[in-house]
2 protein chains.
Amino acid sequence: MTETIVIKAKRGRPAKNKLDYGNAKEALLRSGVELLTEKGFNSTGLDEILKRVNVPKGSFYHYFKNKEAFGIDIIDYYSDYFVKKLKRHLIDSELPALESLQSFMEGAMQGMDRFDYKRGCLIGNMAQELGSSNENYRAKLESVFIIWQRHIENTLDQAKREGALSKNVDSAQLANFFWIGWEGAVMHSKLTQNKQPMELFAKQFFALLPI
Amino acid sequence: MTETIVIKAKRGRPAKNKLDYGNAKEALLRSGVELLTEKGFNSTGLDEILKRVNVPKGSFYHYFKNKEAFGIDIIDYYSDYFVKKLKRHLIDSELPALESLQSFMEGAMQGMDRFDYKRGCLIGNMAQELGSSNENYRAKLESVFIIWQRHIENTLDQAKREGALSKNVDSAQLANFFWIGWEGAVMHSKLTQNKQPMELFAKQFFALLPI
């Protein structure tokens with residue numbers, strides 16, 4: 001019995017139940033995020049994505065129409081993961097609002113360090129690489145930053161209620177500024193291979209907040 | 001006689017005098033800058049670069065060992081061009097230091113607008129695309145930012161002498177912060193297809209400068 005299963009596996013025909021399909025799709029998206037974050041969209045071949053998680057090409061086309069459609073799904077997948085991370089730091093935390101923002105930034109620095117500063121932010125990478133050549137990607141990536149911006153805006157509003165930030169500050173504008181600078185800092189950290197640019201941006205961002 | 005020249009040209013054998021070579025090299029670098037800034041390094045094929053300026057492949061390999069070596073020369077070419085631009089705004093200008101910095105930023109916004117926000121900063125683009133996968137590029141790109149940073153640092157020091165900026169400010173650190181945020185702003189402007197992110201970063205940058 002065990003023998004039969006082994007042979008089937010060797011033929012690359014796993015049982016096609018719902019769970020397997022779900023796992024394969026998730027595995028492809030995860031593999032895509034990892035490779036795209038490090039190497040970029042155009043440099044990452046489909047075969048490499050498949051090989052990394054041992055999924056046959058047929059399965060890929062079962063879930064995704066083509067590489068472009070896969071790219072759009074990857075943006076959603078990464079954004080969902082990232083929004084969970086933002087919520088964990090900014091909403092679920094017991095910390096005062098500005099300290100929760102600080103904890104998010106420190107978490108990001110640790111994340112960069114864990115991968116030797118080789119992986120940046122997938123959304124920033126794709127924006128730089130594809131934002132001006134593909135309108136579907138451009139619009140999608142812009143919409144992701146609007147969602148992320150709202151989370152920082154809410155945190156700044158909370159800081160106002162806590163008396164840690166002046167009520168005269170335009171939270172939406174400051175949240176927009178946060179992402180502009182933070183994405184720049186992540187890019188520079190990839191280049192310097194250390195957290196100094198991210199640390200410097202964090203320091204200056206907090207320094208400019210009026211109480 | 002004219003006929004003979006035409007036939008020679010058709011065979012792709014231009015007269016090989018010094019001037020032609022110089023022009024061809026310059027044309028290749030310019031073509032590379034334009035295409036790489038818009039499409040990125042990996043998406044731009046050698047044929048496309050050659051076709052744009054009508055230079056045969058043989059000439060390319062006369063000047064550049066391979067595409068990677070060409071990329072390194074492009075970084076130098078772009079950086080030289082950019083340093084001239086920085087000097088024009090920051091050193092040659094009759095304006096007070098901080099106003100000269102403002103004029104540089106406004107010039108950059110006009111430049112982005114001229115190309116419909118499709119071209120960003122070549123150095124920022126290449127840093128994002130290649131910074132973590134190719135050590136030669138990473139080191140080269142980092143060294144470019146160090147040069148650019150020095151120009152902003154000198155301008156901030158000049159602002160101190162003019163009494164427009166507190167002497168307690170760390171000019172080097174602030175110049176570093178400038179490039180972190182400015183590159184992020186250029187990337188976001190490519191995404192929103194307008195100058196709003198660059199304008200917002202400029203506004204916040206000047207707002208945080210202590211007098």
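This briefing covers the interface between chain A and chain B. The model is predicted: local features need pLDDT of at least 70, side-chain atom pairs count only at pLDDT 80 or more, and totals for chains, interfaces and linings use all residues. Residues are numbered from 1 along each chain as its sequence is written, chains are lettered from A in the order in which they are written, and side-chain values use heavy atoms, without hydrogens and water.

**Extent**
- Contact (heavy atoms within 4.5 Å) joins 41 residues of chain B to 41 residues of chain A.
- The two chains bury about 3,600 Å² between them, 60% of it on carbon and sulfur atoms.
- Buried area is the accessible area (1.4 Å probe) lost on putting two parts together, summed over both.
- In chain B, Q128(B), I180(B) and L191(B) lose the most area to chain A, together 20% of what that side buries.

**Chain B side**
- Helices are DSSP runs (H or I, at least four residues), numbered from the N terminus.
- α2 (18-39), α7 (122-130), α8 (135-161), α9 (171-192) and α10 (196-207) of chain B each supply at least two residues.
- α9(B) gives the largest share, 15 residues.
- By class, this side has 15 nonpolar, 16 polar and ten charged residues.

**Helix crossing**
- The axes of α10(A) (residues 196-207) and α9(B) come within 10 Å and cross at roughly 100 degrees.
- Axes are lines fitted to C-alpha atoms over the stretch in contact, with angles from 0 to 180 degrees between N-to-C directions.
- α10(A) is therefore roughly perpendicular to α9(B) (65 to 115 degrees).
- Contributors from α10(A) include L200(A) and F201(A); those from α9(B) include F177(B) and I180(B).

Technical notes
Nonpolar A, V, L, I, M, F, W, Y, C, P; charged D, E, K, R; others polar. Parallel < 35°, antiparallel > 145°, perpendicular 65-115°, else oblique.
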